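Open the model in your viewer and keep the selection tool at hand. The tour goes stop by stop.

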Amino acid sequence: MSAAIAALASYGGSDSEPDSEPETEGGSQRSAAVLASRDAVLHLRAPPAAPPALPVDAAPEVAVKEDVETGVHLDPAIKEVQYNPTYETMFAPEFGPENPFRTQQMAAPRNMLSGYAEPAHINDFMFEQQRRTFATYGYALDPSVDNPEAATKYIGSVEEAEKNQGSLTVFETGQRKIEKRKKFKENDASNIDGFLGPWAKYVDEKEVAKPSEEEQKELDEITAKRQKRGKLEDDKPGEEKTILHVKEMYDYQGRSYLHVPQDVGVNLRSTVPPEKCYLPKKQIHVWSGHTKGVSAVRLFPLSGHILLSCSMDCKIKLWEVYGDRRCLRTFIGHSKAVRDICFNNAGTQFLSAAYDRYLKLWDTETGQCISRFTNRKVPYCVKFNPDEDKQNLFVAGMSDKKIVQWDIRSGEIVQEYDRHLGAVNTIVFVDENRRFVSTSDDKSLRVWEWDIPVDFKYIAEPSMHSMPAVTLSPNGKWLACQSMDNQILIFGAQNRFRLNKKKIFKGHMVAGYACQVDFSPDMSYVISGDADGKLNIWDWKTTKLYSRLKAHDKVCIGAVWHPHETSKVITCGWDGLIKLWD
C-alpha cells in the first residue's frame, strides 16, 4: 500500500508535464502500473454504489381469469380469492340436489314473499278503494293496464263491472245521495222552554208506534200467558194438607210422637255428648217413602228421636229414629221441590223453603200450616234465630242476593241484609247467636251482627270457590265449609274467622252439589256425602280419610251424625232414600 501511495505522489509531481518525456517501452509499462494503483486507491475511498430503484405502481392490474364461470357458488372454505367475483357468483345458491318437492308455484319468479307483484304506480287511497271494491263486489280496475280505453280494464267479475259500468265502488255507490231527515230547529239557548238543540225530534217522526195486527195478536197472547201464570202463582200458593201414618196420634198417657222416649237404651235428654265416637260400618235401616230425591234431613232438637226430611217430590215427611222407625206424618203444601227445612228450638214448629217461592211455617204435631211468607224470590236456605227470646224471628237466604228477616207474629219483613253479589246459599249462627255467617254464589263469606244490615267481616280470596254448605262444630269454634273445588275448608268461628290452612279435607268429589257436612259429637270425625253417592269420614286431627261407604246410587246430599249416639249416622240422597248407618 505504501509503495502505491509513493508512486502516486511521484506521479503527481510530474503531473504538470505529462508529455515532457518521450514514451518508451519501459515507460509505458510504468504508466500502466501507476494507473492501476490509482484506480485501486480511488476504489477504497469512494462509497458503495446504490442498487437501481424499481418503479412504483399505485393500481396494479389484476388479471381476470377467463375460464371462471359466472354464477357459480364460491366455496365457503377458501380464504383467498384470486379474481374479482361478480355479485351473482358470491350469492349464488350452494351446489346440491334439486328439491324434489319444488312445485311450479315455488319455481315461479318472485319478488316478494307472497309471489310476484307487477310494478304499478297507484296511490294509497286508490289501492284501498279498489281492494275493498273487489272484496265487496268482486271486481276491480286492472292496475297493469295503462290505457284506460282498453276493452278489458277490469279483473274479477268482469260482467258485474260492465253492468255497473265500473262506477259502483265502496266509496261511490252510483246512487244519488239520500236526503237527510229534517229535524225541528230551535237552537236559541235563551229560549228556556222551547230550546231543542241536538234532542230535537224529526219532522216525520211518529210518537206512538202502533203494532201491526199480527204483532198485536202475538203480544196479546204473551200478555195473557203472563197474567194467567201470575194469577196461578199469586192466588194459589199450594193447598196445604197433612197425612198421619200412625193409628193413634196420642198414647194412653196423652203423649204425641214429640215426647222424647226413655226406653231406647240412650239418655236422649242428656246435654253431654258421648265420650268416644266410632266409625259407622254398615247400613242398619232404610227409610223409603219419597218418590224423588231427598234434599235435606234434620234431627229433632236436642233429643234427635225423630227425623224430618224434605224432598223434590214437594213433600216433607217425619220419621221415627228409634223403635219401629215408621213414617209418622207427611206434610203437603208446596207446588215445587222443597229446598230447606229448619226446626225451632222446641221442635214444635218448623219452616220449609221451596222453589215455589214460598216459606211456610208448620206445626210439627198437628201438621197444620200456620202461616206462609214470600217476597216473590226463591228461598235457598232458612234459619230460626236460636235465641229463646227471638223464636218469632227467622232469616232466609234468597235468590235475589238478599238475606230477608221475617217476624212470624206480623208476617212482615223486618230487616234485609243486602250486601252479597250472588244468591245466598247458607246461614249459620255463631258467637252465642249474636252473629251469623252467610255464604253465596259470589264465592265470599260474610259475617253479620244480628239486626245490623252491614256485614262487619268479608272474606273473599281469588282462590276461593263457592261454599254451598256450612256447618258449625259442636264446640262452636269451627265452621266446616264444603267448597266447590272438592275440599272442606275450616274457618275459625270466633272473632277473626281465619282459614285454618292445616285442616283441609280432600278426597271426595262434590263439584256442583251442596253436600252437607257434619261433625261427630266428640269432634273426632268429619263426615260428608259426595257426588258419587259415597259417605266420606275423615279424622279431625290428622285430616286423613278413614272410611268411604257406598251409601246411595245417586248424589249423597245430606249426612248427619246423631248427637247422642257413638256411631249412628243418617244419610239422604237423590235416589229418594234415607239410610241409617251404625
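Is Ser473 buried or exposed? Select Ser473 and see: its relative accessible area is 3%, so Ser473 is buried. Keep in mind throughout that this is a predicted model.

**Stop 1: around Ser473**

Stay on Ser473. It lies in the loop between β21 (469–472) and β22 (478–483). Now show the side chain of Asn475. A polar contact of 2.6 Å links the side chains of Ser473 and Asn475. Next, show Trp478, Phe519 and Met523. Ser473 is in contact with these three, its neighbours within four places in sequence being left aside.

**Stop 2: the whole protein**

Zoom out and switch to cartoon. The secondary structure comes to 7 helices and 31 strands. Of the 582 residues in the protein, 38% are buried. Now consider the contacts with a separation of 6 or more: residues 24 or more positions apart account for 44% of them.

**Stop 3**

Pick out residues 417–449. The C-alpha atoms at the ends of this span lie 10 Å apart. The span is 58% strand and 0% helix. Then pick out residues 549–582. Here the end C-alpha atoms lie 12 Å apart, and the span is 53% strand and 0% helix.

**Stop 3: a four-stranded sheet**

Select β13 through β16. The 4 strands form an open sheet in the order β13-β14-β15-β16, with antiparallel pairing. Which strands stand at the edges? They are β13 (379–384) and β16 (413–417). Each has a single partner strand, so one side of each is left without a neighbour in the sheet. Turn the view to look across the strands. Neighbouring strands of this sheet are turned by 20° against each other on average, direction ignored.

Zoom in on β13 and β14 (residues 393–398). They pair in the antiparallel sense over 5 bridges.

**Stop 4: two loops with positive phi**

Step back from β13 into the loop that joins it to β12 (369–373), and select Arg376 there. Most residues other than glycine have a negative phi. Arg376 is not a glycine, yet its phi is positive, about 65°. Its relative accessibility is 30%, so Arg376 counts as partly exposed.

Move on to the loop between β17 (424–430) and β18 (435–440), where Glu432 lies. What is the phi of Glu432? The value is positive, near 55°, again in a residue other than glycine. Glu432 has 63% relative accessibility and so counts as exposed.

**Stop 5: β27 and its two partners**

Select β27 (residues 534–539). Of its 6 residues, 5 are buried, so the strand is largely enclosed by the rest of the structure.

Ile527 stands opposite Ile537 in β27. The hairpin of β26 and β27 has 4 residues between the strands, and Gly533 in this hairpin takes a positive phi near 85°.

Look for Lys534, which stands opposite Lys550 in β28. This pair of strands forms a hairpin with 5 residues between them. In its turn, Thr543 has a positive phi of about 60°.

**Stop 7**

Finish inside. In soluble globular proteins, nonpolar side chains tend to be buried together.

Center on Val297. Beyond residues up to four places away in sequence, Val297 touches Leu307, Leu308, Ser309, Gln516, Val560, Cys572 and Ile578.

Notes
Residues are numbered from 1 along each chain as its sequence is written. This is a predicted model: local features need pLDDT of at least 70, side-chain atom pairs count only at pLDDT 80 or more; totals for chains, interfaces and linings use all residues. Side-chain values use heavy atoms; hydrogens and water are left out. Two strands pair if DSSP finds at least two bridges between them. Axes are lines fitted to C-alpha atoms, for helices over the stretch in contact, and angles run from 0 to 180 degrees between N-to-C directions. Buried means under 20% relative accessible area, exposed over 50%, partly exposed in between (1.4 Å probe, protein chains only). Contact means heavy atoms within 4.5 Å. A polar contact is a pair of N or O atoms within 3.5 Å; within protein, one must be able to donate a hydrogen and the other to accept it, and residues adjacent in sequence count only if both atoms are side-chain atoms.
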